[in-house]
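Look at the sequence and the structure, then read on.

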Amino acid sequence: MSLPVVNQDLPLLIPKKKNGNFGYVNQEGKFVIQPEYHIAVFFYEDCNLLNSPNEKFRKFGTADYATVEKDEISYRIDKKGNRVYRFKKEDLGKCVHKEYIQQLYQAYVLNGFYGIIEKATFKDPADYRQFQIYPQYEYLFILEGDDVANPMVVASKNNMFGVIDVHNRVIIPFEYDDIKRNFSWKLGKMFDVSKDGKNYYYIDSNNNTY
């Protein structure tokens with residue numbers, strides 16, 4: 001089964017909710033794995049399974065599989081939607097901790113507004129030139145990602161959420177009621193957004209909906 005590629009940067013399968021349950025759509029928005037799960041996450045490594053004491057289960061820890069949950073039972077599924085493994089505590093090993101990558105930037109609050117500083121060089125808040133982004137937002141959160149020099153930043157302005165980069169360029173316009181501060185950018189190069197605070201869906205950095 002070959003899955004269509006519309007955007008090289010995105011996962012081939014994207015979790016999507018329909019009628020209260022999650023399945024997976026391809027990059028064209030068509031359901032490939034029907035929505036029957038209470039939880040469905042991106043196809044990504046599971047380090048506990050990768051390090052399983054039982055060698056035959058280690059392959060299910062690779063990024064060829066995704067974790068889903070139905071009726072409070074967790075499974076790994078393949079890209080056709082087959083349940084190939086059911087989680088058991090005794091199969092799970094210990095994650096090998098990867099070296100933590102230090103973030104270059106951090107949020108900084110001044111007079112109740114949020115900006116961004118580069119931690120290594122920032123010394124004097126009275127000098128506006130030392131700010132990467134001068135405090136002007138109601139809220140900022142730097143998303144974890146692979147590129148610490150160019151992180152995506154969830155920001156709030158006029159009580160609406162959007163996404164900016166560290167050069168204060170708007171990546172996602174300020175038109176969302178909420179944008180989750182989770183690992184969707186790191187795992188899938190996507191943002192988990194809502195226009196009503198209840199129904200969430202994924203968009204890419206071009207504001208395309210999936």
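## The disulfide

Cysteine 47 and cysteine 95 are joined by a disulfide, with an S to S distance of 1.8 Å. A disulfide here is a pair of cysteine sulfur atoms within 2.5 Å. A search of the whole structure finds one. The model is predicted: local features need pLDDT of at least 70, side-chain atom pairs count only at pLDDT 80 or more, and totals for chains, interfaces and linings use all residues. Residues are numbered from 1 along each chain as its sequence is written, and side-chain values use heavy atoms, with hydrogens and water left out.

Helices (H or I, at least four residues) and strands (E, at least two) are DSSP runs, numbered from the N terminus.

The torsion about the S-S bond is about 75°, so the disulfide is right-handed.

Both cysteines have a relative accessibility value. Buried means under 20% relative accessible area, exposed over 50%, and partly exposed in between (1.4 Å probe, protein chains only).

| Residue | Relative accessibility | Class |
|---|---|---|
| Cysteine 47 | 31% | partly exposed |
| Cysteine 95 | 25% | partly exposed |

## The sheet

Three strands form an open sheet in the order S15-S16-S17, with antiparallel pairing. Strand S15 (178-179) and strand S17 (200-203) stand at the edges. Each has a single partner strand, so one side of each is left without a neighbour in the sheet. Two strands pair if DSSP finds at least two bridges between them. S15 and strand S16 (residues 191-194) pair over two bridges. Aspartate 178 has serine 194 in S16 as its bridge partner.
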